[in-house]
Structure formats: C-alpha cells, structure tokens
Amino acid sequence: GIPADWKRSVDRGLDKALTTLGKQKQVNALVYVVNSADQSFLHALEEAWVYGKKNDVVVIIGSTSFPTIDWVSVMAWTVFEEFKKTLSRNILELSDLSDTTKLVNLITSQIALPPELGGFLRKPMAEYEYLISDILLPLWADFLVILLSAFFAWTINWALENNEIQNF
C-alpha cells in the first residue's frame, strides 16, 4: 500500500500550490496511484467520469510495487494535448515516487507554464455548445413537466377567477 504520510504530503503540496495556481489557470489537480500493471483503471475512470470535470488535471500513476512507477497517464480537458503527454513523460522519468515535493512541483510547474510551452489551458465549454441539442429528457420527465404545468395553470386560473389573489 501507499503510506498515509505520502498521500497527506502530496495532498497538502497540491492544495498549497493550487491556492494561487488554481485561480490563475482555472485548474484543479488530482493524483491517483493504482496498484495495477495495466491501464484498465484509467479507462474505467475515463468512462465513469467522462474524462473528469472541465478544470481537472487528473494524474493516474500505475505502481505495482510502490514507490516504483510502472506507467503514467493524464486526463484533462485542455486545448493542448501535448500538455498531457509531456506531463506523463516527465512523471514517468521520475521512476520513483518517494520524493513528494518533486512530484508536486513537477505537476504544478507543468500546469503553470504558458500553454505555448506545454502548460495547461482549459478548453472553453463554448466549444461544446453543440452537445446541448443532444440532451433529451426521459419520457416520464416529459409527462411530469406537462402535468405540473397543467396543474399550475389550472391553479392560477382558479385563483384569478375566484379573486383569491390579492394585489397581483
């Protein structure tokens, strides 16, 4: 397993760095270390989270014998795909997760870089407005909306006809 002190140190380091970096870059960084030689956890996480929140940089590190690094992958909604590749490669080059300060600094310094130098740039959600037309309510929700609308229309109509609404 992963030592609790290591987890706490990474969490505190990211929290401290993100107090300023989070606001500047509209970013939140998360680190997952999994005891797996393959990347099946990554794909399950991608599917479950639909690639995470729009401002998350999720670093997934595979480590079958902690602190050795077997593989690294990064999930992020970013304009520059090179950011994810570079961050993954740089963390993989550490080869050892013992030094939490080094890991946190590597992640936050990569995020802080200007986008043209491989830093993080959150993808604007305006690029995904076309997806709004794909949203459909389930049939029961359609009926519920119709029933509630009819109920409120009837209630307001009754109140107006019976002078139940004062100073409308």
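# Close-up views of the predicted model

**View 1. Phe41 counts as partly exposed, at 29% relative accessibility.** Tyr32 is also partly exposed, with a relative accessible area of 29%. The classes are buried for under 20% relative accessible area, exposed for over 50% and partly exposed in between, with a 1.4 Å probe and protein chains only. The model is predicted, so local features need pLDDT of at least 70 and side-chain atom pairs count only at pLDDT 80 or more, while totals for chains, interfaces and linings use all residues. Residues are numbered from 1 along each chain as its sequence is written, and side-chain values use heavy atoms, leaving out hydrogens and water.

**View 2. Four aromatic pairs are found in a search of the whole structure.** In the pair of Trp6 and Phe66, the ring centres are 5.3 Å apart and the planes stand at 80°, so the pair is edge-to-face. Trp6 belongs to helix α1 (residues 4–25) and Phe66 to the loop between β2 (56–62) and β3 (71–76), so the pair ties together parts that are 60 residues apart in sequence. Trp6 counts as buried at 9% relative accessibility, and Phe66 counts as partly exposed at 24%. A second pair is tilted, because the rings of Tyr32 and Phe41 have centres 6.1 Å apart and planes at 50°. Rings of Phe, Tyr and Trp (its six-membered ring) pair if their centres lie within 6.5 Å, with planes under 30 degrees apart stacked, over 60 edge-to-face and the rest tilted. Helices (H or I, at least four residues) and strands (E, at least two) are DSSP runs numbered from the N terminus.

**View 3. Phe66 sits in the loop between β2 and β3 and is joined to Pro67 by a cis peptide bond.** The omega of this bond is about 15°. Pro67 is likewise in the loop between β2 and β3. Not counting residues up to four places away in sequence, Phe66 touches Gly1, Ile2, Pro3, Trp6, Val33 and Leu97 (contact is heavy atoms within 4.5 Å). Gly1 is 65 residues from Phe66 along the chain, yet their C-alpha atoms are separated by 7.2 Å.

**View 4. The largest pocket holds about 190 Å³ of space.** Of its 13 lining residues, Lys7, Val10, Asp11, Leu14 and Val31 are the closest to the centre. Helix α1 gives the largest share of the lining, seven residues. Both α1 and β1 (28–34) supply at least two lining residues each. By type, the lining divides into nine nonpolar, one polar and three charged residues; Ala, Val, Leu, Ile, Met, Phe, Trp, Tyr, Cys and Pro count as nonpolar, Asp, Glu, Lys and Arg as charged, and the others, Gly among them, as polar. On a 1 Å grid over the protein atoms alone, a pocket is an open set of points where a 1.4 Å probe fits, with protein on both sides within 12 Å along at least five of seven lines, and lining residues have an atom within 4 Å of a point. Grid points are joined across faces, edges and corners, and the volume is the space filled by probe spheres set on them.

**View 5. Helix α3 (residues 81–94) has 14 residues and spans 21 Å from first C-alpha to last.** This is close to the 20 Å expected at 1.5 Å a residue, the expected span being 1.5 Å times one less than the number of residues. Phe83, Lys84, Thr86, Leu87, Ser88, Ile91 and Leu94 are buried in α3. Their cover includes β2, β3 and α4 (100–112).

**View 6. Ser88 has its place in helix α3.** At 12% relative accessibility, Ser88 counts as buried. Beyond its neighbours within four places in sequence, Ser88 is in contact with Val72, Ser73 and Val74.

**View 7. Thr108, in helix α4, is buried, with a relative accessible area of 9%.** Leaving aside neighbours within four places in sequence, its contacts are Leu14, Ala17 and Leu21. Thr108 and Leu21 are 87 residues apart in sequence, while their C-alpha atoms are 7.8 Å apart in space.

**View 8. Gln26 and Ser95 have positive phi although neither is a glycine.** Gln26, in the loop between α1 and β1, has a phi of about 50° and counts as partly exposed at 42% relative accessibility. Ser95 follows α3 and lies in the loop between α3 and α4. The phi of Ser95 is about 60°, and Ser95 is partly exposed, with a relative accessible area of 42%.
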